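Take a first look at the fold before reading on. The text below walks through it step by step.

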Amino acid sequence: MTAHLTRRHLLAATGAAGISLAAPGLLRAAPATRHVTGTAFASDWSVTLADDADAAGLKQRFDRLLAGIDRMMSPWRADSEITGFNVNHEETARISAETAFTAEAALAVAAASDGWFDPTIGPLVARYGFGPIEGNVGPEDEAAPRWRALAVEGNRLVKRAPGLTMDLCGIAKGRALDLMALELREAGHEDFLIAISGELLSSGRHPEGRPWQVAVEDPRLAADGAFAVLALDNAAIATSGLRAQSYDLGDTRYSHIIDPYSARPVEGAIASVSVIAPDAMTADGWATALTAAGAEGPALARRRGIAALFLFHDGSGLKSESVSGFDRFLL
């Protein structure tokens with residue numbers, strides 16, 4: 001997406017070296033690796049390969065791929081498919097197969113998360129200064145959540161209530177990582193680590209023969225460093241949290257993560273949630289959902305079998321809760 005900051009456009013601009021929203025980052029750069037880098041979605045991206053790997057043409061391929069996703073799914077672009085749907089008063093809009101696939105995945109996470117991932121909350125995100133989408137807003141009704149009035153029917157996105165919008169920012173970057181991994185495998189690479197501003201996907205092994213090692217950032221505002229180190233073994237990790245893309249107004253701190261049931265930024269002790277999944281799109285969507293769920297997040301993750309690390313503020317320290325086998329990745 002374009003060079004604007006949304007709730008899931010993680011802040012390369014913060015100087016956090018590509019670590020985003022309390023996100024996992026590369027633990028260290030080893031001398032046996034080489035890097036292909038660029039920018040997309042207001043963030044930095046990088047691909048780490050063995051030093052002797054053939055990286056010719058990869059940057060150009062990734063730049064084309066990521067620009068295409070931006071044209072399809074960015075709410076910041078007036079000419080994107082998703083903006084066309086959001087501003088159109090018609091019930092349906094024609095979309096590409098890729099946008100349809102991602103939108104279906106977003107609605108699936110919404111259903112599985114009991115609506116804590118809600119792709120219709122773009123106008124609420126904008127209300128608090130974090131996004132551009134205009135449309136219907138209000139607290140979710142548990143009996144008839146707004147996202148249930150959205151559907152994908154073939155190559156069309158459908159809204160069954162006037163003023164509804166779709167925001168894919170909570171899942172599209174994960175899809176971008178998955179597509180970058182597909183490009184790498186088609187180019188003959190099996191061992192790599194991909195990062196887009198802190199969300200990571202690993203394949204194969206580090207050149208030293210071990211799993212790729214990454215760090216989960218300490219989400220406290222005054223902290224500078226890692227909370228935990230883990231081995232990411234043919235999996236993806238995404239982290240959502242309240243450290244970045246938040247602001248103070250009076251005595252209240254406002255976050256870019258919206259609770260769809262209160263129609264307000266997430267409050268309470270939650271600091272960040274990291275999710276490990278087989279693919280980055282799943283990790284991305286669930287990290288958003290579980291952060292929005294706040295104190296209810298661990299129980300939801302257990303019910304759905306989502307491997308997650310919850311970090312909660314506890315005075316000046318942090319309390320952690322690891323569920324559904326996340327701790328097996330910790331070093």
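This is a predicted model: local features need pLDDT of at least 70, side-chain atom pairs count only at pLDDT 80 or more; totals for chains, interfaces and linings use all residues.

The protein chain holds 7 helices and 18 strands. It has 331 residues, and 58% of them count as buried. Now take the contacts between residues at least 6 apart in sequence. Of these, 63% join residues at least 24 apart.

Start with the sheet of 8 strands. It is open, and its strands come in the order β2-β3-β7-β8-β11-β16-β17-β18. The pairing is antiparallel. At the edges stand β2 (33–40) and β18 (317–323), and each of them pairs on one side only. On average, neighbouring strands of this sheet are turned by 15° against each other, direction ignored. Strands of a sheet pair through backbone hydrogen bonds, either parallel or antiparallel.

Look at one pair within this order. Strand β7 covers residues 192–196, and strand β8 covers residues 199–203. The two run antiparallel and are joined by 5 bridges.

Helix α1 spans residues 58–73 and lies across β2, β3 and β7. Against β3 (43–50), α1 runs at about 140°. How far does α1 reach from its first C-alpha to its last? The span is 22 Å for 16 residues, close to the 22 Å expected at 1.5 Å a residue.

Which residues of α1 are buried? They are L58, F62, L65, L66, G68, I69, D70, M72 and M73. An α-helix has 3.6 residues a turn, so residues three or four places apart point the same way. The cover over the buried residues of α1 includes the strands β2, β3 and β7. It also includes the helices α2 (81–87), α3 (97–112) and α5 (172–186).

H189 sits in the loop between α5 and β7. Is H189 buried or exposed? Its relative accessibility is 10%, so H189 counts as buried, since buried means under 20%. Leaving out residues up to four places away in sequence, H189 touches L49, A53, D54, L58 and L184. A polar atom of the H189 side chain lies 3.0 Å from the backbone oxygen of D54.

Turn now to another sheet. This one is open too, with 3 strands in the order β4-β6-β5 and antiparallel pairing. Why is one side of β4 and of β5 left without a neighbour in the sheet? β4 and β5 stand at the edges and each has a single partner strand, so one side of each has no neighbour there. Neighbouring strands of this sheet are turned by 20° against each other on average, direction ignored. Helix α3 packs on the sheet and touches β5 and β6. The direction of α3 makes about 140° with that of β5.

The bridges give the detail. Strand β4 (residues 92–94) is joined to strand β6 (residues 156–159) by 3 bridges. In that pair, A93 has L157 as its partner in β6. Strand β5 (residues 150–153) is joined to β6 by 4 bridges. Here E153 is partnered by R156 in β6. β5 and β6 form a hairpin with 2 residues between the strands. G154 in this hairpin takes a positive phi near 65°.

R146 lies in the loop between α4 (122–127) and β5. R146 is buried, with a relative accessible area of 15%. Its side chain makes a polar contact of 3.3 Å with the side chain of T120. R146 and P260 are 114 residues apart in sequence. In space, they are 9.7 Å apart, C-alpha to C-alpha.

Last, consider a pair of helices. Two packed helices are described by the angle between their axes and the distance between the axes. Helix α6 covers residues 280–293, and helix α7 covers residues 297–304. Their axes come within 8 Å and cross at roughly 140°. α6 and α7 are therefore oblique to each other. Where do they meet? W286, L290 and A293 in α6 meet G297, L300, A301 and R304 in α7.

Key
Residues are numbered from 1 along each chain as its sequence is written. Side-chain values use heavy atoms; hydrogens and water are left out. Two strands pair if DSSP finds at least two bridges between them. Axes are lines fitted to C-alpha atoms, for helices over the stretch in contact, and angles run from 0 to 180 degrees between N-to-C directions. Contact means heavy atoms within 4.5 Å. The expected span of a helix is 1.5 Å times one less than its number of residues. Buried means under 20% relative accessible area, exposed over 50%, partly exposed in between (1.4 Å probe, protein chains only). A polar contact is a pair of N or O atoms within 3.5 Å; within protein, one must be able to donate a hydrogen and the other to accept it, and residues adjacent in sequence count only if both atoms are side-chain atoms. Angles under 35 degrees count as roughly parallel, over 145 as roughly antiparallel, 65 to 115 as roughly perpendicular and the rest as oblique.
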